[in-house]
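Dear colleague,

Please find the structure below, followed by an account of what was found in it.

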Amino acid sequence: MIEFSNIDIIRNLLIATQWTILLSLAAFAGGITVALLLTAARLNKTPLLSIFVRIYVEVFQGTPLLMQMFLCFFGLSMISIEISAWNAAALSLTLFTSAFLVEIWRGCIDTLPKGQWEASRCLGLSFLQTLRYIILPQAIKTALAPSIGFSVQVVKGTALASVIGFVELTKAGSMLNNATFEPFKVFTFVAIIYFILCYPLSWTSKFLEKKFNASR
Amino acid sequence: MLNFSDLLPYTDQFLKGLLTTVELTLYSTLLGLILGAVLATARQYGSSLVAGVVSVYVELIRNTPFIVQLFFIFFGLPSIGVMLSPWQAGMIAMVINLAAYSTEIIRAGLGTTPKGQWEAAKVLGLSFKQTLLRVVMVPAVEKIYPALTSQCIIVMLGSAVLSQISVPDLTYAANLVQSRNFRSFESYLITAGLYLLLAILMRKAFNMIGRRVFSYRVIK
């Protein structure tokens, strides 16, 4: 049997941490892209599109992320689309992230007074111009803090990819636990690494929230 | 291609799993919210030491994944002599998780209480406990009730992870069924639908309770 020193455990965990970070980035980038499309669809005010976005949000916020991953991983391969654990995890996390972001952004856009839309219309600005010059500059300010706050949930969500066999931090922790029989130590290390990843994000979110609230 | 009739023989399994999930959610919501209210009070009105300890707890839980907390409790604690059944470990994980989030949410509510209310209550001769329970707490919770509702639903959905330490919940049932009849997509689809139903019903229940509890404003 191979002996694992503390250094070995930490080194292996840090290697796996790279995958956690990569998966988080992919999911967040994907989530932002999809959420932008959905927000555009919602602002378009076509009834069918808004209903679609509502159902989309309800479904992805109302079902466990783990279930979404299982469906992506096992479901797609059943209709003969071969999908790797990485792709399944990235896809389901993207869908999950976008559903929450679109809801957060909805709040930020809807709290702006309706008069601003009307005033812009009176000034002869088109829909896109209103969005670009009036609405977004204000909405982005208020959306920044909660969006960064949500990114913590994305990083933590990547831990579930371990269940479908993708080797990231949590999976590496389980494997090291099986090799060393020292669960207390291994999972403490795992938790510390997640904390180091997440806490700066939480802190930034809180900081921005205070900053923007103070300026108002 | 989809074949749901293969799932019918396993209706019992699904129902049992659903019941376990409901049961776990019910207990953990109750305990988690009570603990959250206590900790929020400690953090808002306690000494700086107490407030510091509470905020370390809150940040630790909020910045680590639920599944790692679960593994730590279930696999880690026995090595220092704390043996727990899967059910107990899952329950504890859910409670400490919800408590951490609800501490933060309820504290935000308590923070909005105007200072004059405390002063007025003091002048009227109410003790700290009386002021907190009879004057401050209910309106504070009312303000953050939607956030609290969402958090309880998130914890319920998060409980799907408990299947990983073989708590026989709804997800566990789905895994069991798909391992027997290889109908994984159908099995998970039905399960996802059941979770969605549970989430919708939970929101309805919270709204009903909310209307009851926060009806004091209505003058009869």
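Which pattern does chain B follow when read along the sequence? Chain B follows the pattern α-α-α-α-α-α-α-α-α. Its secondary structure amounts to nine helices and zero strands; helices (H or I, at least four residues) and strands (E, at least two) are DSSP runs, numbered from the N terminus.

Please note that this is a predicted model, in which local features need pLDDT of at least 70 and side-chain atom pairs count only at pLDDT 80 or more, while totals for chains, interfaces and linings use all residues. Residues are numbered from 1 along each chain as its sequence is written, chains are lettered from A and ligands numbered from 1 in the order in which they are written, and side-chain values use heavy atoms, with hydrogens and water left out.

Chain B as a whole

The C-alpha trace of chain B spans about 70 × 50 × 20 Å along its principal axes. Of its 220 residues, 48% count as buried. Here buried means under 20% relative accessible area, exposed means over 50%, and partly exposed lies in between (1.4 Å probe, protein chains only). The accessible surface of chain B comes to about 11,100 Å², and 69% of that belongs to carbon and sulfur atoms. Such areas come from the Shrake-Rupley method with a 1.4 Å probe, and for residues only the protein chains shown count as cover.

Among the contacts in chain B with a separation of 6 or more, 78% are made by residues 24 or more positions apart; a contact means heavy atoms within 4.5 Å. Chain B carries 17 positive and 9 negative side chains, and the centres of the two sets lie 13 Å apart. In this count Lys and Arg are positive and Asp and Glu negative, while His and the chain ends are not counted. The place of a charge is taken as NZ of Lys, CZ of Arg, CG of Asp or CD of Glu.

Salt bridges

How many salt bridges are there over all chains? The count comes to eleven, a salt bridge being a side-chain nitrogen of Lys or Arg within 4 Å of a carboxyl oxygen of Asp or Glu.

In chain A, R11(A) forms a salt bridge with D8(A), with the closest N and O atoms 3.6 Å apart. These two residues are separated by about one helical turn because they are three residues apart in helix α1 of chain A. R11(A) is partly exposed, at 48% relative accessibility.

R106(A) and E103(A) also meet in a salt bridge (3.4 Å, N to O). Both lie in helix α4 (residues 85-110) of chain A, three residues apart, which is about one turn of the helix. R106(A) is partly exposed at 34%, and E103(A) is partly exposed at 29%.

A further salt bridge links K206(A) with E104(B) (3.6 Å, N to O). K206(A) lies in helix α8 (residues 183-215) of chain A and E104(B) in helix α4 (residues 86-111) of chain B, so the pair joins two chains. K206(A) is partly exposed at 29% relative accessible area, whereas E104(B) is buried at 12%. Both belong to a network of salt bridges that also includes R43(B), E59(B) and R107(B).

A buried residue and a surface patch

Is T171(B) buried or exposed? T171(B) counts as buried, because its relative accessibility is 0%. T171(B) is placed in helix α8 (residues 170-181) of chain B. Leaving aside residues up to four places away in sequence, T171(B) touches L66(A), M67(A) and F70(A), as well as A160(B), S163(B) and Y195(B).

On the surface, L2(B), F4(B), L189(B) and I190(B) form a nonpolar patch with about 300 Å² of accessible area together. Patches are made of residues with over 30% relative accessible area and no salt bridge; like charges are joined within 9 Å, and nonpolar side chains (Val, Leu, Ile, Met, Phe, Trp, Tyr) within 5 Å. L2(B) is found in the segment before α1 (11-45) of chain B and is partly exposed at 44%.

Two positive phi values

F181(A), a residue other than glycine, has a positive phi near 55°. F181(A) sits in the loop between α7 (169-180) and α8 of chain A and is exposed, at 64%. S166(B), which is not a glycine, has a positive phi of about 55°. S166(B) lies in the loop between α7 (145-158) and α8 of chain B and is partly exposed at 39%.

With kind regards
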